[in-house]
Amino acid sequence: MKKPDLERVLFTEEQVNQRIAEIAAAISERFAGRPLKLIGVLKGSVFFLTALARQLSIPVKIDFLSISSFGGVKHPGIVRIAKDLDEPIDGEDILLVEDIVDSGLTTRYLLQMLAGRGPNSLGIVTLLDRTSKRLVQVPIDYRGFEIPDAFVIGCGLDHKQLYRNLGYIAVLKPDKP
Ligand code: PRP
């Protein structure tokens, strides 16, 4: 793979794995004895979801959904379900898994939609939290790291669909004009 032009590494692979292990331990304790389902939002959350699931000491189900935004800059947060969940979630304990929460609009929309399907509980776990971009408040249950207002790649986050598979989180150098 061509190496990305990095400004700096924010969190090394070791730091990321350590933090995911801490979150997994907290989730495993909270949901011990209860069947838990992780719901990933494609595509960014795939890497975090699988890393998290591997560290859990409890059995989990997984499902995925995919959304596409069509509101544009004038109506951000208006999204369409491009791929819905495969199974219903009524009566289940659900954790929505995100790679990053920025404005919070995507998460808020998904929480409202999923809540309407009657889960027993519904929480959010995100690897990254860029609070400086927040437009609406969302109740995040578990978060890996807060990050500054910079363009980051790795651990599911992409630049032009590349670099999602990096094991670390880094700030990309701005494109040269
Ligand atoms: C990212 C991320 C969240 C959303 C968060 O997805 O995975 O779903 O943006 O942004 P918000 O808080 O401002 O709504 P993206 O649209 O980049 O798609 P991808 O996961 O396929 O890269």
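Buried here means under 20% relative accessible area, with over 50% counted as exposed and values in between as partly exposed (1.4 Å probe, protein chains only). The model is a predicted one, in which local features need pLDDT of at least 70 and side-chain atom pairs count only at pLDDT 80 or more, while totals for chains, interfaces and linings use all residues. Residues are numbered from 1 along each chain as its sequence is written, and side-chain values use heavy atoms, with hydrogens and water left out.

S9 has antiparallel partners in S1, through four bridges, and in strand S8 (residues 152-153), through two bridges. Strands count as paired if DSSP finds at least two bridges between them. Within these pairings, Val171 of S9 lies opposite Arg8, and Ala170 of S9 lies opposite Ile153.

Turning to the parallel pairings, S2 is joined to S5 by five bridges, with Leu96 in S5 as the bridge partner of Ile39. S5 in turn pairs with S6 in the parallel sense over eight bridges, and here Val97 has Val125 in S6 as its bridge partner. Nine of the nine residues of S5 are buried, so this strand is largely enclosed by the rest of the structure.

The next feature is the nonpolar core, a set of buried Ala, Val, Leu, Ile, Met, Phe, Trp, Tyr and Cys residues joined through side-chain atoms within 4.5 Å. The largest such core has 31 residues, of which Ile27, Val125, Leu128 and Ile169 touch the most other members. At least two residues of this core come from each of S1, helix H1 (13-30), S2, helix H2 (46-55), S5, S6, S7 and S9. H1 gives the largest share, five residues. A second, separate core of 16 residues has Leu85, Leu110, Leu114 and Val138 among its members.

Leaving aside residues up to four places away in sequence, Leu128 touches Asp99, Ile100, Val101, Phe145, Ile147, Val152, Leu157 and Ile169, where contact means heavy atoms within 4.5 Å. Helix H3 (residues 105-115) has Leu105, Thr107, Leu110, Leu111, Met113 and Leu114 buried. These buried residues pack against strands S2 (36-42), S3 (60-69), S4 (79-83), S5 (93-101) and S6 (121-129).

One aromatic pair is present in the structure. The ring centres of Phe11 and Phe145 are 3.8 Å apart and the planes lie at 15°, so the pair is stacked. Rings of Phe, Tyr and Trp (its six-membered ring) pair if their centres lie within 6.5 Å, with planes under 30 degrees apart counted as stacked, over 60 as edge-to-face and the rest as tilted. The pair links distant parts of the chain, as Phe11 in S1 (residues 6-11) and Phe145 in S7 (residues 142-146) are 134 residues apart. Phe11 is buried at a relative accessible area of 16%, and Phe145 is buried at 11%.

Finally, there is the ligand. Of the 14 residues around the ligand, Glu98, Asp99, Ser103, Gly104 and Thr106 come nearest. Oxygen atoms of the ligand lie 2.8 Å from a backbone N or O atom of Gly44, 2.8 Å from a polar backbone atom of Asp102 and 3.0 Å from a polar side-chain atom of Arg164.

Terms used:
Near = heavy atom within 4 Å. Polar contact = N/O pair within 3.5 Å; in protein donor to acceptor, adjacent residues only side chain to side chain.
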